[in-house]
Every structure is written in structure tokens, then in C-alpha cells.
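Please examine the structure shown below. The paragraphs that follow lead through a few of its parts in turn.

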Amino acid sequence: MKPAPAEPRDPYQPTGGSTAFHVEHYDLDLTYRVAPNRLTGTATLRVRVQRELTELALDLVGLAVERVTVTGATLVRHQHRARRLVLRLAAAVAPSTVLTVTIRYGGNPAPAPSPWGPVGWEELHDGVVVASQPTGAPTWFPCNDRPADKATYRTSLTVDSPYRVLAHGVLVSTRARASTTTWVYEEQHPTSTYLATVQIGQYDRMLLAAGPVPQHAVLPAALRPAVQVGLAQHRAMMTLFIELFGPYPFEQYTLVVTPDELEIPLEAQGVSIFGVNHLVEPVEGDERLIPHELAHQWFGNSVSVASWQHIWLSEGFACYAEWLWSQAAGGPSADAMARLWHGRLAKLPQDLVLADPGHARIFDDRVYKRGALTVHALRLALGDDPFFDLVRGWTSRHADGSVTTADFRAHCAEHATAAGGQRLARAVAELLESWLDRPRLPKLASR
Ligand SMILES: [Zn+2]
């Protein structure tokens, strides 16, 4: 048997993920004991082979694999080292073959180290938070850990009865037994592994607004009054973003407020996770985090990045949403915010290329702010109506998909041509080049 050709590596994905196969669906059947922090269960993956392969390398870290079965191919053996669970198959498997991989596993889950600190499954004082961006998903289930490898999910989690479980997707059943409850969620929207989540705590669920899409908070009962005040404007924010960005991409939106303080809030599919510190007596400036996380539902979660290289497409738009909300809420206008940040960026080193910042700098604040400035510069060049048409066209064209910077350039070229012919299209292409491809900070056109 001749060996399969070596897999091309994405330099932004050094720790895991594979393009040789695609996981279409994850069925996670898990049990978690809060006090001993013990997670056990079975993951059943529907895998579609993309390139001929003789082994399948999944990502799983910190948990022990008890048993693996494969249907659709003959498994010779499995080997689990560090972050990789490698399944060796008896013969080459052709592209388009569908395999069912079942993995029984368990252990004491813990966050995994990353260049940006520990990520993934993390114990709270009384419960669990899962915050996986960018590489934390393998701390709680075996997966193909690439943002572009989006799958549907069924997540069944059995916990001790006082605890509420929130997972992404729609709650389809809860079943109480003597001392435990099983919570089952189904996610029909293709979801990146880092956006798959479970949140466990002694939580209440509170309706924030029934429309235009249902918005809930999941939180300790004692925090209800303070969070109600902190999120009083949430319906208005959702309404504004639907108007500007297009239909909200999922069935509902849930904000989790943990009883513990968290360093930063994080997005998951249809969910944002905040620490008590972000919503109860927040420090000045933290109010921007609420529109930022909501905007990720469009930019990042529905329209995902094909590789972390293109993260500016998520963070730039989420940061721009902060400025749009600032203006709508009676604060400084988006234009004023853009000029403020342009002035600040001008004082920082200009050695970052937005379209290719390098793996170590994907969370550099300049990616966020210069990303938002790129969006604003595009708006200034196109005018408001064509610009927001472009944004809504972007979120609808790529809903549930994955995008690259090249996709964005092509989309802008189309819209600029429609709005102002070849001349505007050329100007927009040059503008994007100066913002995305050159380290030097371009000037911001006057309004
Ligand atoms: Zn963000």
C-alpha cells in the first residue's frame, strides 16, 4: 500500500484539525458529576472522507479513551498521544466514504494550555464554563478541531439535579430521575467546534425579550435584578443589529452570567458567556462587550472563518458593532469612535498585516480595531445604503458557512461595481489592499 500524500498544514492551525475528513454530525451522550469533576460518555461522529486516507486523526486532550469502534472501515488500532487520537484503518478509504466513529471516553476535564492561556472546559466554584476559542473543544469531546469543519450536534448531558445545563442549539427534552436530570439539545446549524458549548450551574432562566427573537439570560437567581437593569436595552440592540446586519441567524439568543468573575466574555453558537463582573457593576468600558458578543452571532458564528488567518472578518465586524451601538445608544458616533481609534493605532507599531497577521497575533487588539476601521473605511467609500446592503448580502450569502478574506474582496467588488461601476470597484479594491495587505496604517477619509 503506498502511503497517502502528506496533509497540507494550515500554519494558523498548528495543534490539530484535519482537512482529510469532515465531521458532519456529533452525537455526544455525556454524564458529568460536578463535585468530583468527572465527565464520562460516548461521542458518535458521522465522518465524511475528503481525501483518500489510511488513518483518521481526531483531537482530544486530557481525557482517556476507553473504546473506539468504526463502521464503514476496519479499525486496526487506535493510539492516543497528547492531543491526537489516531485511528489506523486496515485499508485506504476512498473520498466520499461515510464512516461512523464511536468513542467511549472519560476523565477529569480541564482547560488546555494555548498561547493565549488555558481554554476549554473549566470548573467554576459550583459548575462549569466551556470557553473554547480557539482550541479548547478537544478538552471535552473528540473532534476535528478546525473552525471551518462545521457540524450539526446532538448534546445529551446528565448532571446532578440541582444543576441546569445549557448547550448550544434547541432544548428538545429534559428527563429527571432520582437524583439526576438529562438535558438534550439539538443544533441544526453547522457549528464550529470552538463554538460548541455546555454551561452548568445552579442557574435560573430569565426572559429578556420575546422578540424579535427570544432573548434569555441564564444566571444565578440572586443576579436577576442587576442583570435585568444591565440588559434593559438588549431588545433595542437586537432590533438594530437585525436591521443593519440582516436576520438573526439562529432560533434564539442566550446570555449566560456565571457567578464567578471571568477575564473576558466569550461567544458560543447562539450563546454568549459573561462573568458576573461584566454585567453587575461593570467597570467603565465593559458595556461595549454586550454588542460585541451579540454581533459574533452573525460574524464568526453563522459566517465563520475558514482559518484563524481570517479572524479580522469576525473581530473587525464585532468591534464595529460596538461603535454602531455606541451611536444608537446616544454615545459617540461610529465615525467618532473610528477616528478615536485611528488616532490610537497611529501611535502603535505599524507592523501587522491584517489579512495575514501570523498565528501568534490573531488576538492582537490591532486586528480588532484595524478590522473595524477597515469596515468603516469601506462604508465611507461606498456610502451608507450600499454599505449596509453589502453587509446584509454578506451575512445571507455565507450564512452557516465559512469565509476567507478573498471571499470578502470578491463580495466587495461585486457590490462596488453595482453601486458605482468599474471606477468604484477599483477604488474599493485599492482601499482594501491598503487596509488589509500593508502594515502601514492608511489615512481615514473625511466624512
Ligand atoms: Zn470577539
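In sequence, the residues that donate to the zinc ion follow the spacing H-x3-H-x18-E. In this predicted model, these protein donors are His292 (NE2), His296 (NE2) and Glu315 (OE), which lie 2.1 Å from the zinc ion. His296 belongs to the loop between helix H4 (289-295) and strand S20 (303-305), while Glu315 belongs to helix H5 (residues 312-328), so the pair ties together parts that are 19 residues apart in sequence. His296 is buried, with a relative accessible area of 1%, and Glu315 is buried as well, at 2%.

Helix H7 (residues 365-382) is the next element to consider. Its 18 residues reach 26 Å from the first C-alpha to the last, close to the 26 Å expected at 1.5 Å a residue. Of the 18 residues of H7, 16 are buried, so the helix is largely enclosed by the rest of the structure. The N-terminal end of H7 is capped by Asp364, which places a side-chain oxygen 2.8 Å from the backbone nitrogen of Arg366. Just after H7, Gly383 adopts a positive phi of about 90 degrees.

A further point of interest is Asp149, found in the loop between strand S9 (127-131) and strand S10 (151-160).

Notes. Residues are numbered from 1 along each chain as its sequence is written. This is a predicted model: local features need pLDDT of at least 70, side-chain atom pairs count only at pLDDT 80 or more; totals for chains, interfaces and linings use all residues. Side-chain values use heavy atoms; hydrogens and water are left out. Donors are N, O and S atoms within 2.8 Å of the metal (3.2 Å for Na, K and Ca); water is not among the atoms, so sites may look incomplete. Helices (H or I, at least four residues) and strands (E, at least two) are DSSP runs, numbered from the N terminus. Buried means under 20% relative accessible area, exposed over 50%, partly exposed in between (1.4 Å probe, protein chains only). The expected span of a helix is 1.5 Å times one less than its number of residues. A polar contact is a pair of N or O atoms within 3.5 Å; within protein, one must be able to donate a hydrogen and the other to accept it, and residues adjacent in sequence count only if both atoms are side-chain atoms.
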